[in-house]
Amino acid sequence: MIKIDYIFESSWEVCNKVGGIYTVLSSKAHTLKNDFDDRVIFIGPDLNNSPNDFKEDSTLFGDWKKALPENLNVRTGRWQVPGKPVAILVSYRTFFDRRDALYYDMWDDFRVNSSHAYGDYDNSCIFAYAVGLVIENFYRFYRLTGKRVAAVFNEWMLGMGALYVQKHLPAVATLFVTHATTTGRSIAGNNKPLYSCLQSYDGDRMARELNVEAKHSLEKQTAMHVDCFTTVSHITAMECKQLLGRAPDVITPNGFEKDFVPGGGLYAEKRDRARKKLMLVTEKLTGRPVGSDAFLVATSGRYEYKNKGIDVFIDTMNALRKTAENRRETVAFIMVPAWVYAARADLKFVLENGCDMTAPMQTPFLTHWINGMKDDCVMNYLYSSGFTNSASEKLRIIFVPCYLDGNDGIFNLPYYDLLIGMDATVFASCYEPWGYTPMESVAFGVPAVTTDLAGFGIWARTAVSGNDIKEGVAVVERTDDNYFDAVGNIAGALSALMDADAQAVRDRCFRLAAQAEWNRFITYYYEAFETAFSNVEKRNGK
């Protein structure tokens, strides 16, 4: 096995569940912990709260913490995910007075242009700088000179941390993982054709046009300077080469950790609980019961209406609603966090008091009130598509716009504990560097539809045909101009699943997911580490 003395891995999503990168790192942690024990250290932001997945242990590295500079405040403990790896949460706000000097140094040393920064840029970069300080202080205090030390930085948000370490700790191997390019995501999200026109795009010019110049500059210069640059799929590698000007050294696909999935009787128990909760909420909202054999289908993920194919999902459900192909009673769930105002008080009341509902509630497809509802893309499309969830409809659709952390006020179950109750999922992305949501779905025994523009979809076709959802996953073609073909193909896949042997399909899902576990995919990261250490030696003239 590869020899590494210490691995530092940093991300905005360490002990801070925001999106898919949290799943990447928290699931990968178990395999890394098995191979390197407590020499794997994750670094995340201290947001002045008490995250449920972080258990503080003030004795960890106690001597080092006492020697830290006064303004470098950290908490040490264990990330409460499989493997329970060491985690350091660093407070970064005390360094905002250094922002201008930091940005100047980054321009002077690496030509990172921060002049057009806005939004989350400052917070991300100051945090990344603090991460660099943590690694530097740890390295010097424990006298790691001569040791094989690697530092992994995820996404543009940690770019300045990577560049800081590159400059101040030249013996440390730096790795930068981009899970999606800023400019590529912006091109797709602004309804511009991405893949059909990719070769004609200039990354710098498009970043200026789409007002993401600072993030793009940081991402590009980090990719250019680190010892190993990686991304999660071949489709994103093409994007990196064209838009960032450097092809990744290694493709590091995302795996999954089977310990997240309950086994045996617990699986059946959780699936039954999830279905009962999903059906109960639907019954109270719509004022009529849901049959025990109802077909439950969902989409989920970040609220990127076009990129994630939320529009395609709604149109697919509309197609099923209007055709005889939908032979089973169906409830569709859009589980996408939006700008939530509060859990619906009326819905919460009838759930808590067991009230019988004989008529639909006001807005009978919304579980939580959201701010700016008149401007919400999902709400507007549901209305314009004619959904009513009335008694005459054989397909009902429910928008769950909250973050499912187990404390949302309506379901009060975390996402995985609801996912397990589904019969199918749909992730019709037109921009998806990897695609953790379909991967998670299959791992939980729920067959998924994804696309050939998702890294996971491309990988799945190496394990199954991708043409039959009964294999565990269906991979539909998505291009810049085949929208309605994709809708029809997804509807067809779901219709074919409705009459299938559910247990046989579930077993195929588990077998497929086993081929994508981290104990198989971690080898790509080890290849990346070796590449980084080799380039360190070249860089330092050894």
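Mentor: A search of the whole structure finds 39 aromatic pairs, where rings of Phe, Tyr and Trp (its six-membered ring) pair if their centres lie within 6.5 Å, and planes under 30 degrees apart count as stacked, over 60 as edge-to-face and the rest as tilted. One of these is formed by Tyr 103 and Tyr 121, edge-to-face, with 5.7 Å centre to centre and 65° between the planes. Because Tyr 103 lies in helix 3 (residues 99–110) and Tyr 121 in helix 4 (residues 121–141), this pair ties together parts that are 18 residues apart in sequence. Helices (H or I, at least four residues) and strands (E, at least two) are DSSP runs, numbered from the N terminus. Tyr 103 is buried, at a relative accessible area of 11%, and Tyr 121 is buried at 1%; buried means under 20% relative accessible area, exposed over 50%, and partly exposed in between (1.4 Å probe, protein chains only).

The model is predicted: local features need pLDDT of at least 70, side-chain atom pairs count only at pLDDT 80 or more, and totals for chains, interfaces and linings use all residues. Residues are numbered from 1 along each chain as its sequence is written, and side-chain values use heavy atoms, with hydrogens and water left out.

Trp 459 and Phe 521 also form an edge-to-face pair, 5.8 Å centre to centre with 85° between the planes. Trp 459 belongs to helix 16 (residues 455–463) and Phe 521 to helix 19 (residues 518–539), so the pair ties together parts that are 62 residues apart in sequence. Both Trp 459 and Phe 521 are buried. Elsewhere, one aromatic cluster is formed by Tyr 6, Phe 8, Phe 61, Trp 64, Phe 138, Phe 141 and Tyr 142.

Rings also meet charges. The charged end of Lys 28 sits over the ring of Tyr 525, 3.8 Å from its centre, and that of Arg 148 sits over the ring of Phe 533, 4.1 Å from its centre. The criterion is that NZ of Lys or CZ of Arg is within 6 Å of the ring centre and within 35 degrees of the ring normal.

Arg 275, in helix 10 (residues 264–286), is buried with a relative accessible area of 11%. Its side chain makes a polar contact with the side chain of Asp 423 at 3.0 Å; such a contact is a pair of N or O atoms within 3.5 Å, where within protein one must be able to donate a hydrogen and the other to accept it, and residues adjacent in sequence count only if both atoms are side-chain atoms. Leaving aside neighbours within four places in sequence, the residues in contact with Arg 275 (heavy atoms within 4.5 Å) include Ser 292, Leu 296 and Gly 421.

Lys 306, by contrast, is found in the loop between strand 10 (295–300) and helix 11 (310–322), and is partly exposed at 26% relative accessible area. The side chain of Lys 306 reaches the backbone oxygen of Ala 188 at 3.3 Å.

As for the setting, the protein chain holds 19 helices and 17 strands. Of its 542 residues, 60% are buried. The C-alpha trace spans about 75 × 55 × 45 Å along its principal axes.
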